[in-house]
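Here is a brief report on helix packing and the nonpolar cores. Please view the sequence and the structure together.

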Amino acid sequence: MLKKIYYLILAHNDVQNLKRLVERLNYNADFLIHIDRKANINEFYAVFESFDNVRFLEGNKRIKIYWGGYSIVQAELNLVTEALKSEEHLKYILLSGSDYPIKDHKYIYNFLLENKTIEFIRGIDLDRLDNKELYANHIDYYQKHDFPWINRTDTFLFRACRAGVNRVLRKFKLSKKIRHHKFDLYQGSQWWGLSKACLSELVKIYINNPNDYLNFKVGTFASDEKFFHTLFFNSSFRKNNLFGGAEEAVQVENRHQTYLQTSNLANLHLLDSSMTKWFNEDDLEEIKKSDKLFVRKVKSGYSDSLLDKIDKDILKVGKINE
């Protein structure tokens, strides 16, 4: 029997796109989904009740997620830990509910089968950058992004208060006990594809040395772009990606351009360099030319025409090794 792909999905809204995403990927696959604890999970249950290969994290395994915070890493860890309890899968792919395939499901499966020894994760060594000061605010100062007692995070008041809190906290550099330099910190794109053996080792490293990773909880912005990358490039699998290890950084002129680095390190996703753009029908030609497996970001009501054209023009072609 062929091993399945395990899709680990982070979602918080847009149940329509999530269902469409799962339907398009539903070939030799299992799905484990984390729904932000701030959201009503019942509407997701209702949509997926007929899918016997779709499961949701429940109870305390669901995390309230806040942009920029460690909470998203905890949600990812919960997904990974639960997924590792089952039989070995071909690859474990981290997705969001705002993703969509731009290759058909058989192409994706065969691509991952052909590259089963490759770990799809990329990164740069933040501690060896010539312009490390551009990333200092990301890793060297206290900051707070998780506010678990607050549910409404889309208000101006919340964003203003969070910015004010961090403006104060970032005046204080992390103590050496927290920013300990026992290992270098790495950064890359949040969305990866890893083997069970690799993920098992990364989780084991973290569980056996939790105090070595306090930096990610109290002094790191966008931990999701650094946590698994730091574990990976300090593991025995560090040379097993497409590039044989960490890469050279893109040269940026100021700290506001650091997002260019993240988009440049995309693994299986087509990402816009702004990291904030939502794709629509105008982007179809760019998507057709891409060698990536998924596009991020799309949403119902805005990207519908694009998704319809992807279905018609792309997902019915491009199969390999049939």
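## Helices α1 and α12

In this predicted model, helix α1 (residues 15-25) packs with helix α12 (residues 304-313) at an angle of about 10 degrees, and their axes are 13 Å apart. Angles under 35 degrees count as roughly parallel, so α1 is roughly parallel to α12.

From α1, the contact involves Asn17, Arg20 and Arg24. They meet Asp304, Leu307, Asp308 and Asp311 of α12.

## Helix α3

Helix α3 covers residues 71-83. Its 13 residues should span 18 Å at 1.5 Å a residue, and the end C-alpha atoms are 18 Å apart, which agrees.

This helix is mostly covered, with 11 of 13 residues buried. Among them are Ile72, Val73, Leu77, Leu79 and Val80, and also Glu76, Asn78 and Glu82. The buried residues of α3 pack against strands β1 (5-11), β2 (29-35), β3 (54-56) and β4 (91-96). They also pack against helices α7 (196-208) and α9 (227-232).

## Nonpolar cores

The largest nonpolar core has 45 residues. Those with the most contacts inside it are Leu8, Leu10, Val80, Trp192, Leu199, Phe227 and Phe228. Elements giving two or more residues to this core are β1, α3, β4, α7 and α9. The most come from α3, with seven residues.

What does leucine 199 contact, leaving aside its neighbours within four places in sequence? Its contacts are Val80, Leu84, Tyr92, Trp192, Leu194 and Phe228.

A second, separate core has 32 residues, including Val15, Ala29, Leu90 and Leu268.

Notes
Residues are numbered from 1 along each chain as its sequence is written. This is a predicted model: local features need pLDDT of at least 70, side-chain atom pairs count only at pLDDT 80 or more; totals for chains, interfaces and linings use all residues. Side-chain values use heavy atoms; hydrogens and water are left out. Helices (H or I, at least four residues) and strands (E, at least two) are DSSP runs, numbered from the N terminus. The expected span of a helix is 1.5 Å times one less than its number of residues. Buried means under 20% relative accessible area, exposed over 50%, partly exposed in between (1.4 Å probe, protein chains only). Contact means heavy atoms within 4.5 Å. Axes are lines fitted to C-alpha atoms, for helices over the stretch in contact, and angles run from 0 to 180 degrees between N-to-C directions. Angles under 35 degrees count as roughly parallel, over 145 as roughly antiparallel, 65 to 115 as roughly perpendicular and the rest as oblique. A nonpolar core is a set of buried Ala, Val, Leu, Ile, Met, Phe, Trp, Tyr and Cys residues joined through side-chain atoms within 4.5 Å.
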